[in-house]
Amino acid sequence: MANLLCLAVEKKNAERARQLLIAQDALDSARKPTSDSKFVYFPIKNKLDIGLGKLVSKKLKPRKFKPHSLEEAMKGKIPAAKIHLLPRAFDMIGDVAIIEIPRPLATNAKLMGKSLLAIHPNLKSVYAKGGKRTGKYRTRKLVHLAGEKRTTTIHKENGCDFELDIAKAYFSPRLAHERQIIANAAKPGEKILALFAGVGPFPIVLAKHQPSVQIAAIELNPQAAKYLANNIRRNSMGGIIEPIKGDAHAVVRKRFKKWADRILMPYPNAAHQFLSDAFYAAKPGCAVHFYCFAREERAFAEAEAIVQKAAAKARRKIEILGKRTVLPYAPRVVQVAIDFCVLS
């Protein structure tokens with residue numbers, strides 16, 4: 001600890017003095033104030049007189065700096081010219097973070113991971129995206145950067161708990177608002193077919209909001225299907241949601257002909273390949289929530305064209321109920337949702 005210039009102020013005047021020092025940009029925020037039985041000692045940048053104390057020399061401890069953003073944490077640790085390349089957002093799933101590292105910052109990846117742990121005390125592990133999602137299970141390679149070397153976690157959302165392994169099952173925390181939109185649309189007594197159910201976020205949030213429904217949740221990935229069943233039990237949804245492990249094409253054709261009052265299709269990469277199955281399962285009046293990727297400038301037109309073409313092929317009439325942009329996906333590409341009703 002070093003001797004520093006301080007303003008000694010009687011305790012009864014301490015808060016007033018602090019405010020005056022802040023107003024004059026005279027308070028040295030790099031050091032922690034201290035006190036004794038009578039005085040509070042404020043570290044100051046230069047000699048001044050605010051009429052509330054006397055100047056003294058005092059040993060003070062340095063104030064521990066806690067960054068509030070990745071940009072603050074990385075200043076002075078990477079070249080200033082690269083600061084603008086830092087990611088502005090990342091996915092936090094439970095106590096695990098997944099961040100996309102720009103190529104020019106690859107050598108700083110582990111430092112960025114440690115910085116995220118310092119900024120967010122609730123985080124326990126940080127991983128970098130090791131590539132795009134691939135395969136029929138929509139998983140991606142992850143590279144450990146900092147913290148505990150585990151990929152299992154429990155994510156809390158909309159009053160529900162989801163246990164999962166982020167390396168083995170797809171989950172997007174960015175769809176929390178979308179899941180609430182669908183849950184708000186559900187009606188009491190509906191039979192709901194949840195295709196591509198994953199670890200259960202769409203059906204479980206829906207059932208939490210509207211418990212008087214019947215949901216069949218289908219998932220192909222055996223790891224995700226295991227977590228789906230566990231999460232149904234974890235959230236006490238056993239009498240509402242039936243977990244079904246299997247291929248949506250086969251399961252729908254075997255069990256769900258004209259069964260559903262509502263169908264969820266949150267698989268933007270390939271949901272269009274299952275529209276014929278959705279029409280097979282839809283009762284007249286069934287609401288369908290369809291997701292796809294499309295070019296930003298013609299997103300709704302492209303998405304509606306896909307739905308209309310599939311409806312014509314299935315010889316079903318539809319009415320568009322709503323459409324919205326859900327998330328950006330890539331440059332000039334967005335994820336969109338089309339809600340439509342199967343009229344007949």
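**Note on cavities and pockets**

1. Let's start inside: this predicted model contains two cavities of 30 Å³ or more.

2. The largest cavity has a volume of about 50 Å³. Around this cavity sit I93, I98, R133, R140, L142, L164, I166, A169 and F171. By class, its lining comprises seven nonpolar residues and two charged ones, with no polar residue.

3. For the second largest cavity the volume is about 40 Å³, and the lining consists of Y170, L175, F202, P266, P268, Y291 and Q335. Here six residues are nonpolar, one is polar and none is charged.

4. Turning to the open spaces, the largest pocket has a volume of about 1100 Å³. Its lining counts 33 residues, and E100, K129, R140, P328 and Y329 are the closest to the pocket's centre. Two elements, β6 (96-99) and β16 (318-330), each give two or more residues to this lining, with β16 providing the largest share, four residues.

5. Of its 25 lining residues, R138, F196, A197, G198 and E219 lie nearest the centre. Helix α5 and strand β12 (214-219) each contribute two or more residues, and α5 supplies the largest share, three. The lining has 16 nonpolar, four polar and five charged residues.

Technical notes: Residues numbered from 1 in each chain as written. Predicted model: local features only at pLDDT ≥ 70, side-chain atom pairs only at ≥ 80, totals over all residues. Heavy atoms only, no water. 1 Å grid on protein atoms, 1.4 Å probe; cavity = no way out; pocket = protein on both sides within 12 Å on 5 of 7 lines; lining within 4 Å. Points joined across faces, edges and corners; volume = space filled by probe spheres on them. Nonpolar A, V, L, I, M, F, W, Y, C, P; charged D, E, K, R; others polar.
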